[in-house]
Amino acid sequence: MYDSIEEAGLKGRDFLSTQDWSVDELETLFSLAARLKADRKAGVPTRLLEDKTLYMIFFDSSTRTRNSFETGITQLGGHGIFLSPDKMQISHGENARDTANVLSRYGEAIAIRHCAFGEGNAYLSEVAEHASVPVLSMQCDVYHPCQILADYLTIREKLGSDRRLKLGVAWTSAPNYVRPISVPQSLILMMPRLGLDVTLAYPPEFMLLPDIEAQARENAAAAGTRFEISHRFEDAFEDADVVIPKSWGPLVHTRDHAEGVRLIEAYPDWRCDSNRMALGKDHMLYMHPLPADRGREVTDEVIDGPQSVVYDEAENRLHVQKALMALTM
């Protein structure tokens, strides 16, 4: 039933960014995720990774990421092992090369979450260079590819993939928390490749990495879609089919935490509410990777309202990651 997994030729492939995979390869993943989801709902066993082990190294805390990966590998018949640097020799200075080589001798894949700005992606890349098994990103400082896979699967389920859609990605204000920039960067990179027009809205101090914004423009041009940047909040909502308003830090502008918090609090009106939602199409979806700062990023009436699909979106982390593990492991 799942013979196409071997035929896909993705066994052993790393997944650090959606940029690493072609559109056809991503479509293979989405098709498999849909099948795995349907089989799970029907009670059909999908033990495709019997006795295989996934090592999960978390430098940062997690709710959805850990539970979706650990549950996913279990449903596939394998075993997930939770690791954190303080419980490993990483805390005593063991380097990425040694960690990669040793874990490669024990199991079938290594997944890592490391969001420290200027450190995370470099560490994942070094582990991938030395590992002989697939290395999967559970989020770094530059990319959060699995979240964006779940976002797209949710959009496809709700609105289909046979028409041109507008996605608005908007910065929102959340006090005292300087979040990574990896989610908006991954959104603007992948969504134009898959046929969505993307409007990115943020205050001037909250720009993303210049090379990522440039790459998003290149992706859109190659796909025949649109990518534009605005400093007006409402532009992300107007005539949109989907909107993803979320907070991120001014990390490209400043690395000073106190300054970052001050800048976040300088834009309290950048909040998703019913008035902003009314600017989109009648069927516009509200999405958020969670956790959302209720009352600051978004009002309760929106996140708990009929246009919100945040729990479907969170569930789809499980299904896309099961497909990713099945294809690569």
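How many of the 15 residues of H6 are buried? Keep that in mind while you tour this predicted model.

**Before you start.** Number residues from 1 along each chain as its sequence is written; local features here need pLDDT of at least 70, side-chain atom pairs count only at pLDDT 80 or more, and totals for chains, interfaces and linings use all residues. Side-chain values use heavy atoms, without hydrogens or water.

**Stop 1: the sheet.** Helices (H or I, at least four residues) and strands (E, at least two) are DSSP runs, numbered from the N terminus. Display the open sheet of 4 strands: its order is S2-S1-S3-S4, with parallel pairing. Pairing requires at least two DSSP bridges between two strands. Select 79–83 and 135–140: these are the edge strands, S2 and S4, each pairing on one side only.

**Stop 2: S3 and S4.** Select residues 109–114, strand S3, which pairs with S4 over 4 bridges in the parallel sense. Click Ile 110; its bridge partner in S4 is Val 135.

**Stop 3: H4.** Select residues 96–106. This helix packs on the sheet and touches S1 (53–58), S2 and S3. Contact means heavy atoms within 4.5 Å.

**Stop 4: H6.** Select residues 145–159. Here 12 of the 15 residues are buried, meaning under 20% relative accessible area (1.4 Å probe, protein chains only). Among them are Pro 145, Tyr 152 and Leu 159.

**Stop 5: Gln 147.** This H6 residue counts as buried because its relative accessibility is 2%. Show Pro 289, Glu 313 and Arg 317: Gln 147 touches these, not counting residues up to four places away in sequence.

**Last stop.** Click Gly 160, which follows H6 and has a positive phi, near 80°.

Notes: Axes are lines fitted to C-alpha atoms, for helices over the stretch in contact, and angles run from 0 to 180 degrees between N-to-C directions. Buried means under 20% relative accessible area, exposed over 50%, partly exposed in between (1.4 Å probe, protein chains only).
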